[in-house]
Every structure is written in C-alpha cells, then in structure tokens.
Amino acid sequence: MKYSRIKVVTSSEYLYSVYESGVRYIVCLERKTCHCGRFQLDELPCPHTIAVLKSKNITNMHPYCSDYYKPEALTNTYELPMILMPDKKDWSVLNYFLEEIVLPPRYKRILGRPKKERKKYSSDKIRTSTNSCRRCGHEGHNRKTCNFMPKEK
C-alpha cells in the first residue's frame, strides 16, 4: 500500500511533516493545507493528509472534506423545482428579434494545418546560406564537387 512508504513526523498539534520518496510535505490540519496543493485545490484529503489522519487513528474524514462533496449539498442542488421550457411554437419572441437577419461570418478559415512561422517583414535581414567545402574551405561547392585539391582514395 502506498501509505506504508510514507513517514509522518509530528511538529505540533496541527502541523506534520510527511516524507514520501525523500520529499518533505508539510500538512496543516487546522488550515486544511498540504504543500502538494491537492488538499487545497480539491478540498479533499490528499494522500499525505490521509497518512497523517491514519497516524492519529482518525477514521472519520468527513470534517476534512468540503461540504460540496457531502450528500446534503446534492439534495440542496435539486431542492428547487425545475420548470420545463415550453414547446418552440409556444415561445413568445419579440418582433425585433424576428426581423433581425443573422449573416454568416465574413471570412472563411483556411483549410489545413496553420502555419507556425511568423510573417517576415521587409525590414528583416535576409540570410542566405552557401555551401562550404570541408576539404578546401572555399564556398560555393561541397567535398564531392571540389576541384581545388586532389581526391583522397
């Protein structure tokens, strides 16, 4: 089990140092924080917090979970009745919206993969690369077409 490889060291009543694979995480049960960030982000106990709670023999983890994950929050979500939308023919639409004409966009997206290179401006310097020979060092040709030095065999 993953929690067996985690070492918990008590610093104070609410602060704990948790060591996992040589990395130290500081868990504060009072503020509900952990240095890994998952405890604050998810508002659920992260593995380091669970290891601390298990070391304290705490089995009820509900106080360390956000109220959003509790069954009462789900029932409160659907507490108000939902009113169905009427049929489309029964809608009452203002004449202003009925008279408005919606046109398609003025531009069309270009097919294919978008270009990655930036657009080059006339003020940018144009760089040209010329071949240079490895054998003689002159530019304009390569080693195969070199006439300056005899070929090696």
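This is a predicted model: local features need pLDDT of at least 70, side-chain atom pairs count only at pLDDT 80 or more; totals for chains, interfaces and linings use all residues.
1. Nonpolar patch. Seven names make up this surface feature: M85, W91, V93, L94, Y96, F97 and L98. Together they present about 850 Å² of accessible area. The patch is nonpolar.

2. M85. This patch member sits in the loop between α3 (71-77) and α4 (95-99). Its relative accessible area is 67%. The cut-off for exposed is over 50%, so M85 counts as exposed.

3. Aromatic pair. The structure holds one such pair. Y96 and F97 form it, in an edge-to-face arrangement. The centres are 5.2 Å apart and the planes make an angle of 75°. Edge-to-face requires over 60 degrees between planes, so the label follows from the angle. Both Y96 and F97 also belong to the nonpolar patch. Y96 is exposed, at 59% relative accessible area.

4. Salt bridges, overall. The model contains two. One joins K70 and D67; another joins K89 and D87.

5. K70 and D67. Their side chains meet at 3.3 Å, N to O. D67 has 56% relative accessibility, and therefore counts as exposed.

6. K89 and D87. Here the N to O distance is 4.0 Å. The criterion is within 4 Å, so please read this contact with the cut-off in mind. K89 is exposed, with 69% relative accessibility. D87 reaches 44%. Exposed needs over 50% and buried means under 20%, so D87 is classed as partly exposed.

Note on methods: Residues are numbered from 1 along each chain as its sequence is written. Side-chain values use heavy atoms; hydrogens and water are left out. Patches are made of residues with over 30% relative accessible area and no salt bridge: like charges are joined within 9 Å, nonpolar side chains (Val, Leu, Ile, Met, Phe, Trp, Tyr) within 5 Å. Accessible areas come from the Shrake-Rupley method with a 1.4 Å probe; for residues, only the protein chains shown count as cover. Helices (H or I, at least four residues) and strands (E, at least two) are DSSP runs, numbered from the N terminus. Buried means under 20% relative accessible area, exposed over 50%, partly exposed in between (1.4 Å probe, protein chains only). Rings of Phe, Tyr and Trp (its six-membered ring) pair if their centres lie within 6.5 Å; planes under 30 degrees apart count as stacked, over 60 as edge-to-face and the rest as tilted.
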